[in-house]
Amino acid sequence: MTNNPPLSTAPELQPGGLSGLRIGDALHIEGTVRAGDLHPGEIGFDGVVHDAHGRRLWSGPLRIAVQAPGGPRRSLPLFDAEECTAAFLAPLAALPPVRCAVVHPCDLASLSGALQAAHEGLIEAVLVAPRDKLVALAAAGGLDLTGVEIEDVPHSHAAAHRAVELAAQGRVAALMKGSLHTDELMHEVIACAALRSKRRMSHVFRIDAPLHDRPLLLTDAALNIRPTLDEKCDIVANAIELAHALGLAEPRVALLSAVETVTEKLPSTLDAAALCKMAERGQIQGALLDGPLAFDNAVSPEAAERKGLRSRV
């Protein structure tokens, strides 16, 4: 072991790197063992990792957790994005596909994603975009448009308008954004009275974090720039209903701010406290609420413990 500088904790992954590993994969590792800021049972080295087919997965510093004879057992956490997606989709297999307008899927990622969703039986895709552009894109990407319904429109603005029109007429049950800007689609959605409800519209990200033991729902990080207290109430209610639809009987809602103490200097902390009181009085139902919470102590019991926070959330 040589006395080199501490190992980097986040070296750059190579394309198709270690994040795609599965239990049981064979690896070939060549490198120089190094000293560094390591935990017991860890080995650090500089080197190259190849898979069983000779493809390079990693180049640079790496830590490996091992089990020494008679010592504590440690493990290297592996994150399988495909496995997370499969587990998420499994309960939906028995449900019929949703007829969905895919709005201007004019790049390879959005077109292939829509076609994959259709192939998996999640949606019945209606592609709303210039037909010639879709045909050329599919040919370049090796995608098959056979049997896929296409609403031919001249450009992205027309695609947004036509997709919203289909939704208002009840001819599709959902809208999926393609390669156009969010505000371009939302302008048409908001302008359509038939698509409005009594609640504020909001957006939810579903996040699978490699070192977190359950998915996270993050809202609203896309639509509402500076929501009022009433709008935040709608955003929370929307997220709770989505969580119920995903099978979470009693979701835990962390109302985020920069700090976890209530102060008039930060209006977001006052809103969080008000939302908790609204939940206590039954104005918000179906979930456990707490806040204000900073992001670290909302997702990490250890961080909450260090701050002396006691909460089921």
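A search of the whole structure, which is a predicted model, finds 14 salt bridges.

The protein has 313 residues, of which 32% count as buried, and its secondary structure consists of nine helices and 11 strands. Its accessible surface comes to about 19,300 Å², and 55% of that surface belongs to carbon and sulfur atoms. Among the contacts with a separation of 6 or more, 58% are between residues 24 or more positions apart.

As to confidence, the mean pLDDT of the protein is 87, and 87% of its residues reach 70 or more. Residues 1-14 are a stretch where pLDDT stays under 50, although the model has 32 contacts for them beyond four places in sequence. Where pLDDT is low, the predicted coordinates should not be read in detail.

### Salt bridges

| Asp-51 | Arg-55 | 2.9 Å |

In the pair formed by Asp-51 and Arg-55, Asp-51 counts as buried because its relative accessibility is 14%, under the 20% limit.

Because Glu-231 lies in helix α6 (residues 229-245) and Arg-200 in the loop between α5 (182-191) and β8 (205-207), the pair ties together parts that are 31 residues apart in sequence.

Besides these pairs, Glu-151, Arg-162, Glu-165 and Arg-171 are linked in a network of salt bridges.

What does Arg-200 touch, not counting residues up to four places away in sequence? Its contacts are with Asn-224, Glu-231, Asp-234 and Asn-238, and Arg-200 itself is partly exposed, with a relative accessible area of 38%. The C-alpha atoms of Arg-200 and Cys-233 are 9.0 Å apart in space, while the two residues are 33 residues apart in sequence.

Helix α6 has 17 residues and reaches 24 Å from its first C-alpha to its last, close to the 24 Å expected at 1.5 Å a residue. The buried residues of this helix are Lys-232, Cys-233, Asp-234, Ile-235, Val-236, Ala-237, Ala-239, Ile-240 and Ala-243. They pack against β9 (216-218), β10 (252-256), α7 (267-280) and β11 (288-293). Asp-234, one of these buried residues, is also among the residues that Arg-200 touches.

Leu-242 is likewise found in helix α6, but this residue is partly exposed, with a relative accessible area of 32%. Together with Leu-217, Leu-246 and Leu-248, Leu-242 forms a nonpolar patch on the surface, and the four residues have about 290 Å² of accessible area together. Just after α6, Gly-247 takes a positive phi of about 95°.

### Backbone geometry elsewhere

Which residues does a cis peptide bond join? Another joins Gly-291 and Pro-292, where omega is about 5°, and Pro-292 belongs to strand β11. Strand β11 is also one of the elements against which the buried residues of α6 pack.

His-104 has a positive phi of about 55° although this residue is not a glycine. The place of His-104 is in the loop between β4 and α2 (108-119), and at 10% relative accessibility His-104 counts as buried.

Technical notes
Residues are numbered from 1 along each chain as its sequence is written. This is a predicted model: local features need pLDDT of at least 70, side-chain atom pairs count only at pLDDT 80 or more; totals for chains, interfaces and linings use all residues. Side-chain values use heavy atoms; hydrogens and water are left out. A salt bridge is a side-chain nitrogen of Lys or Arg within 4 Å of a carboxyl oxygen of Asp or Glu. Buried means under 20% relative accessible area, exposed over 50%, partly exposed in between (1.4 Å probe, protein chains only). Helices (H or I, at least four residues) and strands (E, at least two) are DSSP runs, numbered from the N terminus. pLDDT is the predictor's confidence in each residue, from 0 to 100. Contact means heavy atoms within 4.5 Å. Patches are made of residues with over 30% relative accessible area and no salt bridge: like charges are joined within 9 Å, nonpolar side chains (Val, Leu, Ile, Met, Phe, Trp, Tyr) within 5 Å. Accessible areas come from the Shrake-Rupley method with a 1.4 Å probe; for residues, only the protein chains shown count as cover. The expected span of a helix is 1.5 Å times one less than its number of residues.
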